[in-house]
Amino acid sequence: MLPTGPHVPVRRLSASSRTVGDLFRRRAELSPHKAALLEKRDGRWHATSWGEWYVRVRRAAAGLARLGVSRGDRVAILGPTQSRWATMDLAAQLLGAVSLGIYPKQPVDAVRYLLEHSGARVVYVDGADELETVLAACREPLGVTHVIPWASELFEGFAARDARVTSPEALDGEPLGDAEVRARQEVIATDDTAILVYTSGTTGPPKGAMITHANILAVLGAQTSDLELYEDDLSFNFLPMAHVAERVFGFYGRLSNGVPTAYASSMGAVLEELREVRPTLFGSVPRIFEKAYAKLKAELSRRPLAARRAFDAAVVIGRRALPYLLANQPLPLGLRAPYALAHRVVFAPIRAAFGGRVRWFITGAAPIAREILELFWMAGLPIYEAYGMTESTVVTHMNLPGHTKLGTVGRTAKCLECRLAADGEVLVRGPFVFKGYLHNEDATREAVRDGWLHTGDIGTLDADGYLTLTDRKKHLIITAGGKNLSPANIENAIKHQSPLVSQVHAHGDRRPYVTALVAPSPLETLELGAELGLVAPEELHERRRELLENPTARSPALDSAMGRVVQTPETVARVRAAVRAGNAQLSQVERVRRFAILDRDLSQEHGELTPTMKVKRKAVEAMHAPLFERLYTDASFGFEA
């Protein structure tokens, strides 16, 4: 089932390629019989080779060409992270078209904005609900000429609704010839826009970042000397393809290095399929590691005293080993046997939960508490924190094997320059910096000045060049006493203290002290409710199924069930303990004095989160302004920390 190969370094192709399409063609030519991807069908994993996939993509490209798609046209893709998404993306690239992703489960207005702003001609869409959304978004005149469902059954059910609904069989005819692929790639300029990636829109409508072929190939070229990859490696793919990290660093990175990937069949199946696939590397978001750590600590608290003492003893040994693990150096002779025992007894089960073969993870987007990073490293699961943004084509800084400082996001990529502005804002310059925002020259001029990308992030650089991020420049809290505080620092200190806490929003601008809203974590809240007899077993089962199928969903039924639990003394006690534990890690002025617990988690449905689950701080401040006011004026409201 698993692809195999020699444990030798991969041959990377980014340096010899001009475009994304050319990169894919070269990979298929070099590795026609090697596995490119694995998918689970009928309970079994099936591999597709690079050569087979190239034919499949050329069929789709020929179909798009017959529908009138040509160089520079926009092709939008809305659906889960599966090979069909990747196939349509590459089909567009073979034609020189510009592909863009739309996050699943978006409201009609959001989808309409993206289609209208991008000028998309074709929309490739999965699922009946998503197809309903797209057709509603296209109800008024737009430039969309074809809406193609992923499956024939969907076409049959919707064909009579709108003449633009096109059979997926249109993408399954005679493949585009290899000679024509070469000819089309030769006329594409390296500074042509390859993909449009829309920003999260935390402070306004999303902006369409134009990422060029040269941007993408420069990022992939930087991987060549930084990360060791081997022909027997295997990645695991479940992060949204609409996000620039998975799209460029993950997906296009695999075209360059030839490492195959296994596509998770659904978000709900990720943990089970990790153990089946046993990947050696993959990217993930920090929240997964935070959740795993919180679950481990919660389970440990219920174990016998002997088990807890064994864990503590293993951590002591692990901390002694940590400097050598971080430096990628062998352990001293006297430490090898104790660490081996600690690993076998305590750390191996943690490693096994991720399949047992992981060599490294890459993560970014938000900081991770040091103690979480340390535990994963001790368990032989290196987490390399990275930093970048859409406008810098995903990554500008990264920790690397043998060159890692926990708590930092690493050093600047070798082909980039980085400096700090007078106010601490991180500025970067080099070939990763994007072309600009589509239809928004003013925003482009604001973002890139004198060649320097102004990231909007505040940070510090140490003597060795490692970057530590503080917060977003526009998020800093200035208290009534004139102290500048980072809300992210406060929030992260509290958030990882309890699995019951999903989000923390610190508030205190022009206030005498800091307060906070705590949003409860859905599944953990419901499990506590079941323990307290407030949530029936069948309801817990149904809500758990709902969350596994769509972890970002926050339905009215879920909110209602959570509302019965969050104000109980047990919930308040656990949240208060988390706030106090977080406060113990903060300076006096940073500490949360009073807090309130929301009846539900923050959500996209309420306009508080972006599709990438980033908090829209201004929206939260505006929506919950009365609650923040009461925390300062009404002693009977909220809770003392």
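Modeller: Ala, Val, Leu, Ile, Met, Phe, Trp, Tyr, Cys and Pro count as nonpolar, Asp, Glu, Lys and Arg as charged, and the others, Gly among them, as polar. Keep that in mind; this is a predicted model.

Colleague: By class, what makes up the lining of the second largest pocket?

Modeller: Ten nonpolar, five polar and nine charged residues. Of the 24 lining residues, Arg56, Ser83, Arg84, Tyr124 and Trp150 lie nearest the centre. Arg counts as charged, Tyr and Trp as nonpolar.

Colleague: Why is this called a pocket and not a cavity?

Modeller: A pocket is an open set of points, whereas in a cavity the 1.4 Å probe cannot get out. The volume here is about 670 Å³.

Colleague: Which element gives the most to that lining?

Modeller: α3, with four residues. β1 (35–41), α2 (50–66) and α3 (83–95) each supply at least two.

Colleague: Now the sheet. What is the order of its four strands?

Modeller: β24-β25-β26-β27, an open sheet with mixed pairing.

Colleague: What makes β24 (501–507) and β27 (639–640) edge strands?

Modeller: Each pairs on one side only.

Colleague: How do you know that β26 and β27 pair?

Modeller: Pairing needs at least two bridges. Strand β26 (residues 592–597) and β27 have two, in the antiparallel sense, so they count as paired. Arg594 has Glu640 in β27 as its bridge partner.

Colleague: What packs on this sheet?

Modeller: Helix α16 (residues 487–495). Helix α16 touches β24, β25 (514–520) and β26. The direction of α16 makes about 150° with that of β24.

Methods
Residues are numbered from 1 along each chain as its sequence is written. This is a predicted model: local features need pLDDT of at least 70, side-chain atom pairs count only at pLDDT 80 or more; totals for chains, interfaces and linings use all residues. Side-chain values use heavy atoms; hydrogens and water are left out. Contact means heavy atoms within 4.5 Å. Axes are lines fitted to C-alpha atoms, for helices over the stretch in contact, and angles run from 0 to 180 degrees between N-to-C directions. On a 1 Å grid over the protein atoms alone, a cavity is a set of points where a 1.4 Å probe fits but cannot get out, and a pocket is an open set with protein on both sides within 12 Å along at least five of seven lines; lining residues have an atom within 4 Å of a point. Grid points are joined across faces, edges and corners, and a volume is the space filled by probe spheres set on the points.
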